[in-house]
Amino acid sequence: MNILIAEKIEEAVQQHEAELTAFLRARVANKVVAEDLLQEVWYQLSRQVEKEQPKHLRAWLFQVARNRVIDHYRKKAPDWLEDYLFEEEDQTNQQWLTDHFTPEEYYWQEQFWEAFYEAVDALPQKQRWVFLQNELEGITLRELAEQSNEKLKTIISRKGYAVRRLRDLLEDWYEDINGI
């Protein structure tokens, strides 16, 4: 790996490590697993930057992180109790878990998020990009139109199609789990 690529990766780590860590920790209860997933994100970035640097690096990093979380849950063996426990140093998360959710509710919450991210992955690329940038990154539709050099109405339409498709996919998931 040449020095320029290493510098780009180091810069990305400095800019995005904290928020990616928080993102992963919110989706994976085990801190060690979250750290492993973060390392996979950095590894994938190093392989990508050798080819071509992603146009929207932050969005690309979060998409890779989401995919790593989904992959983690897909290949995960049956849940173990220790996966639901947080380290003692993280009292805030531990209290949040025990105050708000029963183990069954926590399980169904994880199932929902897995289904949600699978549904997002099923969206066409342009719809997925608009949805994720707007909903998860907080970028306005007008800003997205400017970034992509497309008409605002096109961006609004893509967001609308994405939302409708997600509703349909998640409605199917809801019916499946409830036997409707």
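Visitor: Which residues touch the most other members of the largest nonpolar core?
Guide: Leu-20, Leu-24, Leu-45 and Leu-61 do, in a core of 33 residues. A nonpolar core is a set of buried Ala, Val, Leu, Ile, Met, Phe, Trp, Tyr and Cys residues joined through side-chain atoms within 4.5 Å. Buried means under 20% relative accessible area, exposed over 50%, and partly exposed in between, with a 1.4 Å probe and protein chains only.

Visitor: Which helices each supply at least two residues of this core?
Guide: They are helix 1 (3-27), helix 2 (31-51), helix 3 (57-75), helix 6 (103-122), helix 7 (125-136) and helix 9 (152-178). Helix 3 gives the most, with 9 residues. Helices (H or I, at least four residues) and strands (E, at least two) are DSSP runs, numbered from the N terminus.

Visitor: And what does Leu-24 touch?
Guide: Leaving aside residues up to four places away in sequence, Leu-24 touches Ala-34, Leu-37, Leu-38, Ala-65 and Val-69. A contact here means heavy atoms within 4.5 Å.

Visitor: Which residues does the second core include?
Guide: That separate core has 7 residues, and Trp-129, Ile-139, Leu-144 and Ile-155 are among them.

Visitor: How far may I trust all this?
Guide: This is a predicted model, in which local features need pLDDT of at least 70 and side-chain atom pairs count only at pLDDT 80 or more, while totals for chains, interfaces and linings use all residues. Residues are numbered from 1 along each chain as its sequence is written, and side-chain values use heavy atoms, with hydrogens and water left out. The predictor's confidence in each residue, from 0 to 100, is called pLDDT. The protein chain averages 76, and 77% of its residues score at least 70.

Visitor: Where is confidence lowest, and where highest?
Guide: Helix 4 (residues 81-84) has the lowest mean, 42, and helix 8 (residues 141-148) the highest, at 90. Over residues 77-99 pLDDT stays under 50, and the model has 26 contacts beyond four places in sequence for that stretch. Where pLDDT is low, the predicted coordinates should not be read in detail.

Visitor: Back to helix 8, then. Which residues are buried there?
Guide: Leu-141, Leu-144 and Ala-145 are buried. They cover an arc of only 100° around the axis, so they lie on the same side of helix 8. The arc is that of the directions from the helix axis to the C-beta atoms. The face turned away from this buried side carries the exposed residues Arg-142 and Glu-146.

Visitor: What comes just after helix 8?
Guide: Asn-149 does, with a positive phi of about 55°, although Asn-149 is not a glycine. Most residues other than glycine have a negative phi. Asn-149 is found in the loop between helix 8 and helix 9 and is exposed, with a relative accessible area of 70%.

Visitor: How many salt bridges are there?
Guide: The count comes to 3, a salt bridge being a side-chain nitrogen of Lys or Arg within 4 Å of a carboxyl oxygen of Asp or Glu. One of them joins Glu-19 and Arg-58 (2.8 Å, N to O). Glu-19 lies in helix 1 and Arg-58 in helix 3, so this pair ties together parts that are 39 residues apart in sequence.

Visitor: And between Glu-135 and Lys-159, what is the N to O distance?
Guide: In that salt bridge it is 2.6 Å. Glu-135 is partly exposed at 44% relative accessibility, whereas Lys-159 counts as buried at 12%.
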